[in-house]
Amino acid sequence: MLTLILAILIAAALRSRSLLRTAFDGRHSQTEEEAAISRFDMKPEMTREQTKPRISGWLSVLSPEDVAVRSERGMLRGQVFPPLSGDTDAPWAILFHGGAGTDGSQMLDAACELSLAGYRVLVPDLYAHGNSDGGLSSLGAADAQDVLTWVDWVLGEKPDARVVLMGQDEGALAVLLARAKGLPQAVAAVAAESPTLDIPQIARETLEDAGESVGAMEEMLLSAAYRLAFGEKLERISEERFAGGGVPTLLFAGTLDEQSPAYVAQDIAAAMGSRAEVCLIEGATHGMARYVDPEQYYDALLTFFREQLAENEPS
């Protein structure tokens, strides 16, 4: 009997690890463009025509610096892009990318716009993505401390730095959770696009896409494995977790986003109160707001950051 029980426990442990690796593999081989096409039914030319020529021209006149910082979980890596103006007192913008199969390069278009607008831009690879350590991604739920680690790194480089944060999808959830934990006074503003709160649903869809059965037993095993791996419950993040004041926050939402519907951003903003506002982008699906209407998107983003930095100017 003892042998049988032990065999069942071993089988359950192996099954839970297999489910965890399948559902939360942050490094699958699908390219960003392939992911964009398959998930959003968009034409490949959409991102190429709107972003690549501008980025190429920008990168032709400056070079990024590779940087790294040690977190509790391992080494995190990223790149710093100087402001095109060369201003040594430029504010810092830290941009956090989206989910599985992506890395900091997903944010190059936003980094380009912010660098041209006078920001020094840090683009990290999230844990378990790109060149950072790790193989399993929590989909943002366990990344808030890494956001704070990068803010501390910036303040170590320049103690009087003024900082703004931006995140998309997984990165959006990370920056919002960091805001809820409490950001340093140096952080003047936060922007978040399409934060995905329903992590269990994303995990189930990923498993089903991989041909895995997802019954009650699989959900229980996956939940236990997630808790052991990340120290977090595998549950939908409640909008109320972001309740209260804090750093002013701009939430971007696409009206056609099915993964993170516009009402999610509106509910988060309502929980935050007067310190938050929502920018709706008509016709945008998940993560595509700045491609569908870049003029509205960047006008709202840059205006918001500029106003908040002005209010946060040291006396």
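Over which residues does the pLDDT stay under 50 while the model has 28 contacts beyond four places in sequence? The stretch is residues 29-48, where pLDDT is the predictor's confidence in each residue, from 0 to 100, and a contact means heavy atoms within 4.5 Å.

This is a predicted model, in which local features need pLDDT of at least 70 and side-chain atom pairs count only at pLDDT 80 or more, whereas totals for chains, interfaces and linings use all residues. Residues are numbered from 1 along each chain as its sequence is written, and side-chain values use heavy atoms, with hydrogens and water left out.

The protein chain averages a pLDDT of 86, and 86% of the residues score at least 70. Confidence by element is lowest in helix α2 and highest in strand β3; helices (H or I, at least four residues) and strands (E, at least two) are DSSP runs, numbered from the N terminus.

| Element | Residues | Mean pLDDT |
|---|---|---|
| Helix α2 | 32-40 | 40 |
| Strand β3 | 92-96 | 98 |

Over residues 6-12 the pLDDT is below 50, and this stretch has one contact in the model beyond near neighbours in sequence.

The protein chain contains 11 helices and eight strands. Of its 315 residues, 51% count as buried, a term that means under 20% relative accessible area, with exposed over 50% and partly exposed in between (1.4 Å probe, protein chains only). Among contacts between residues at least 6 apart in sequence, 77% join residues at least 24 apart.

A nonpolar core is a set of buried Ala, Val, Leu, Ile, Met, Phe, Trp, Tyr and Cys residues joined through side-chain atoms within 4.5 Å. The largest such core has 64 residues, and those touching the most other members are Phe24, Leu122, Trp153, Leu165, Ile199, Leu222 and Phe242. Helix α5 (residues 144-157) supplies the largest share of this core, eight residues. Leaving aside residues up to four places away in sequence, the partners that Phe24 touches include Ile199, Leu222, Tyr226 and Leu234. A second, separate core of 33 residues includes Phe252, Cys279, Phe305 and Leu309.

Helix α4 (residues 108-116) is largely enclosed by the rest of the structure, because eight of its nine residues are buried; among them are Asp109, Cys112 and Glu113. Cys112 has a relative accessible area of 1%. After α4 comes Gly118, whose phi is positive, near 105°. Cys279 is also buried, at 9% relative accessibility, and the structure holds zero disulfides (pairs of cysteine sulfur atoms within 2.5 Å).
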